[in-house]
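Dear colleague,

I am passing on the structure we spoke about, and I would be glad if you could look through it with the notes below at hand.

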Amino acid sequence: MSEMKFQSTETAWCPGCGNFDILQTLVGVLNDLAFAPEEVLLVGGIGQAAKLNQYVNANGFSGLHGRSLPAAVAAKMVNQNLKVIVNSGDGDSYGEGGNHFLHNIRRNVDIAHFVHDNQIYGLTKGQTSPTSDPCSDTNAGACNLNKPFQPLLVALAAGATFVARSFSGNKEHMARMMKAAILHKGYALVDILQPCVSFNKVNTFAYYREHTYELEAEYDPTDIKAAVLRSMEFGAKIPIGILYQAQAPTFHQRRPEIFDETPMIDKHPAPDKLEALLRQYA
Amino acid sequence: MFNLCIGGPAGYGIETMAGIFEKILQRDGFYVFSMRDFMSRIRGGHNFAQVRFGTEPLAAHIDLLDILIAFDLTTYEQHKARLKPDGLLLADPELALTDARLLPVPLKQLAKEAGNPRTLGVVCIGAMMKALGMPLATAEAVLADTLNPKLLDSNLNAVRLGYANGTPKFTLAQGGAKNQLLLTGAEAMAMGALAGGMQFYSAYPMSPATSLLTFFSTHAAEFQLVVEQAEDEIAAINMALGAAYAGATAMTGTSGGGFSLMVEALGFAGIAELPVVIADVQRPGPATGLPTRTEQSDLLFMCFASQGEFPRMVIVVKDHADAFYQTARAVQLSRKYQIPVLLLSDQYLADSAATIAPLDVRKAGSSVQPLPGQAEAQGAYQRYAITPSGISPMRTPGRSQAVVRVDSDEHTEAGTITEEARVRVQMVDKRARKLDGLAAELIEPTYSGAEHPEVLLVGFGSTTGAITEAVSRLNLQGHAVGALAFGDVYPLPTKRLEQYWKQAKAVYSIEQNATAQLAKLIRMETGLRCTDSILKYDGRQMSVDEIVTGLHALGVGKGR
């Protein structure tokens with residue numbers, strides 16, 4: 001392994017929180033990929049997961065609740081040399097930011113989106129999240145009277161080209177998913193199951209360890225129909241791995257008349273261009 | 001000076017016809033001011049364009065008409081009272097109007113003869129050219145320059161047929177305007193943004209601000225812009241902020257409803273010190289209000305929107321040239337002070353077209369003095385380093401070894417979350433210090449009228465042209481009236497206001513809203529209380545005549 005350029009600092013998370021594993025794994029992945037801290041941009045909204053960028057020595061953008069994706073894709077639009085990674089929770093990504101989730105998949109800007117999905121609101125202390133389990137006799141605490149949101153199914157329906165799920169208790173798997181997502185050309189979603197030790201007494205480490213299974217070696221991630229079926233599997237058994245991956249032109253590639261090697265922030269058209277345009281109004 | 005109104009149902013090509021006629025006037029050396037009054041529908045209803053032209057520069061519309069072109073009965077009924085007794089009414093005999101001013105021209109029949117029933121408006125143009133004694137050749141040349149070659153022949157036939165069936169009526173003075181540009185307020189604003197260095201524009205379509213998005217999209221490749229139609233206005237402004245953080249000069253635009261959705265992010269720009277220009281092309285609210293009409297009722301909302309306290313600047317554009325220069329200035333001010341700058345226009349100005357003197361791109365692009373070079377603090381780079389000016393050095397992520405951290409939470413100098421009381425106060429104070437620098441940048445309102453006014457008018461933005469003309473009309477009648485027209489409104493420049501206020505016996509605010517928002521702002525910032533206000537909030541812009549009449553009603557210039 002090359003020089004360890006990325007480090008994490010002290011955090012404000014609860015002892016035992018799944019976020020620690022995600023943070024450590026991400027730092028490891030960034031070091032493995034040998035990026036420079038100044039070329040990495042970590043974007044978050046608001047929530048416990050969204051704080052992740054506060055604890056890494058990289059560029060950090062802590063935006064508004066639910067609004068991490070618009071800011072992240074725009075940063076990438078104007079400077080494609082930044083490696084843009086969004087870390088935010090299920091409430092931020094699928095609830096408050098639902099519209100941005102839907103439409104940024106369609107944009108296919110080349111960013112990675114890691115959703116720390118603990119199926120509950122942590123920072124606001126235990127309310128139901130879009131992905132909370134349905135209410136039943138066995139449920140304690142927050143549960144969904146509404147139908148739970150199925151992020152991977154929605155992502156597939158919106159045309160995502162990289163759809164994966166992992167579990168924070170399986171660091172080796174999580175590292176593989178993160179690396180593949182970062183290297184994928186286009187929008188890449190990794191829904192990371194993560195226990196909330198303070199408020200979610202149902203979906204615990206033990207629960208996820210018992211229910212998750214890795215996709216079989218012969219699983220074909222280019223088969224969208226298979227991916228759709230697996231994306232709906234969430235209960236007794238929860239598949240983890242790359243459910244779907246395909247190549248499609250990215251936001252930048254679809255606009256060759258605008259984007260080239262030079263980042264947009266370095267383009268400053270000369271004043272004569274505007275002077276020529278104004279002459280058309282004479 | 002001539003004043004002409006063309007009216008009919010949506011779908012009759014009134015917009016196109018007015019556009020072609022304006023170009024003909026420009027080419028023949030006339031000054032033009034042309035406004036649009038359109039309903040929020042694709043077909044039917046009643047729409048009109050009003051074109052005023054003459055040998056002096058124009059910046060407002062008036063009520064009295066010399067020519068009325070009526071494509072339907074509604075147009076005739078709505079506007080006949082405004083047509084002068086010796087004016088010209090042009091209509092198809094099919095409408096069976098009985099009016100002494102009528103010049104019947106079989107528009108439909110002639111358009112059919114020309115080979116294209118959709119050339120109705122161009123037949124009218126031909127008849128007008130004849131009535132005004134203008135050369136047909138200019139009309140032919142403008143048509144050749146503007147139209148799709150496939151449509152040209154039928155349109156040339158149409159303009160000639162209209163000309164042949166017209167009757168000479170007026171004698172025009174020779175137009176002497178040279179090198180004038182003819183553009184809309186929206187075009188002026190968009191090109192001002194380009195002059196100021198805008199690189200990124202994100203917006204969600206909303207009348208009457210959509211023309212900005214359309215303009216930027218059309219010219220994106222040419223000017224190497226990122227232009228993105230967002231999924232909603234919340235995304236639009238958060239995109240602009242992400243782009244600004246990454247080093248782009250960013251802007252977004254909307255109308256009041258969209259701005260309402262942007263408000264949380266406005267505060268984010270404030271606390272995170274991200275430069276952004278937010279254009280609000282106002283329409284009457286609240287909620288959906290009157291989508292295609294005009295109002296100045298977002299003023300106080302713009303000044304005070306968002307929870308919390310942070311420096312911002314609000315600039316209202318007054319006319320077409322001002323829209324160009326102020327938008328360029330807004331872009332530069334946002335970058336210099338790392339603040340949100342709110343730029344207000346309205347439907348009236350955005351959609352109206354005027355001839356103006358050539359615009360100076362280089363002057364507009366350097367209208368704000370850059371910051372004096374600042375020695376950066378020793379040690380590791382800190383995005384929010386405490387400085388005397390309140391402005392911290394801004395670096396572009398990826399362009400130095402330093403990492404750049406921004407945060408919507410209250411933060412330390414390094415940009416990480418803090419709840420420390422001392423740091424909180426330091427940061428609020430640091431941001432507020434930017435207002436000291438801004439105070440020195442403020443542009444005082446323009447003054448026009450009597451040197452020592454007995455009556456002082458105050459207004460802002462797009463009513464400036466009409467107020468100025470009303471003042472000179474009253475002063476020609478021997479009154480001593482003056483007017484201050486505000487462009488910068490928040491922070492409010494007060495020097496010139498206090499200077500003229502002392503001299504005047506009465507001060508009236510002239511506003512396109514129902515609650516005298518400018519008068520309130522003035523009172524709030526200076527303690528000065530306007531005597532009264534002339535307010536209009538029916539969605540239609542006040543004319544010069546309405547201001548004069550309004551002042552008469554208040555006892556100004558009566559009986560002299």
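This is a predicted model: local features need pLDDT of at least 70, side-chain atom pairs count only at pLDDT 80 or more; totals for chains, interfaces and linings use all residues.

For chain B the assignment gives domain 1 (2–164), domain 2 (183–365) and domain 3 (446–553), and the centres of domain 2 of chain B and domain 3 of chain B, taken over C-alpha atoms, are separated by 25 Å. To their contact, domain 2 of chain B brings 24 residues and domain 3 of chain B brings 26 residues.

The area buried between domain 2 of chain B and domain 3 of chain B comes to about 2,100 Å², with 59% of it given by carbon and sulfur atoms. On the side of domain 2 of chain B, the residues that lose the most area to domain 3 of chain B are Gln296(B), Leu299(B) and Lys318(B), which together make up 33% of what that side buries.

As for polar links, 14 residue pairs are found in polar contact across the interface of domain 2 of chain B and domain 3 of chain B, both residues being at pLDDT 80 or more. The count of salt bridges between domain 2 of chain B and domain 3 of chain B is one. Arg329(B) forms a salt bridge with Asp488(B), where the closest N and O atoms are 2.7 Å apart. The elements of chain B that give two or more residues to the side of domain 2 that touches domain 3 are α12 (299–304), β12 (313–316), α13 (320–337) and α14 (347–351).

Turning to the cysteines, the structure holds one disulfide over all chains, and this is formed by Cys135(A) and Cys143(A), whose sulfur atoms lie 2.0 Å apart. The link of Cys135(A) and Cys143(A) is right-handed, with 95° about the S-S bond. Cys135(A) is partly exposed, at a relative accessible area of 32%, whereas Cys143(A) is buried, at 17%.

Cys124(B) counts as buried, at 0% relative accessibility. Cys303(B) is likewise in no disulfide, the nearest cysteine sulfur, that of Cys530(B), being 15 Å away, and Cys303(B) is buried with a relative accessible area of 1%.

With best regards

Definitions and conventions: Residues are numbered from 1 along each chain as its sequence is written. Chains are lettered from A and ligands numbered from 1 in the order in which they are written. Side-chain values use heavy atoms; hydrogens and water are left out. A disulfide is a pair of cysteine sulfur atoms within 2.5 Å. Buried means under 20% relative accessible area, exposed over 50%, partly exposed in between (1.4 Å probe, protein chains only). Domain bounds come from an automatic or database domain assignment. Contact means heavy atoms within 4.5 Å. Buried area is the accessible area (1.4 Å probe) that two parts lose on being put together, summed over both. A salt bridge is a side-chain nitrogen of Lys or Arg within 4 Å of a carboxyl oxygen of Asp or Glu. A polar contact is a pair of N or O atoms within 3.5 Å; within protein, one must be able to donate a hydrogen and the other to accept it, and residues adjacent in sequence count only if both atoms are side-chain atoms. Helices (H or I, at least four residues) and strands (E, at least two) are DSSP runs, numbered from the N terminus.
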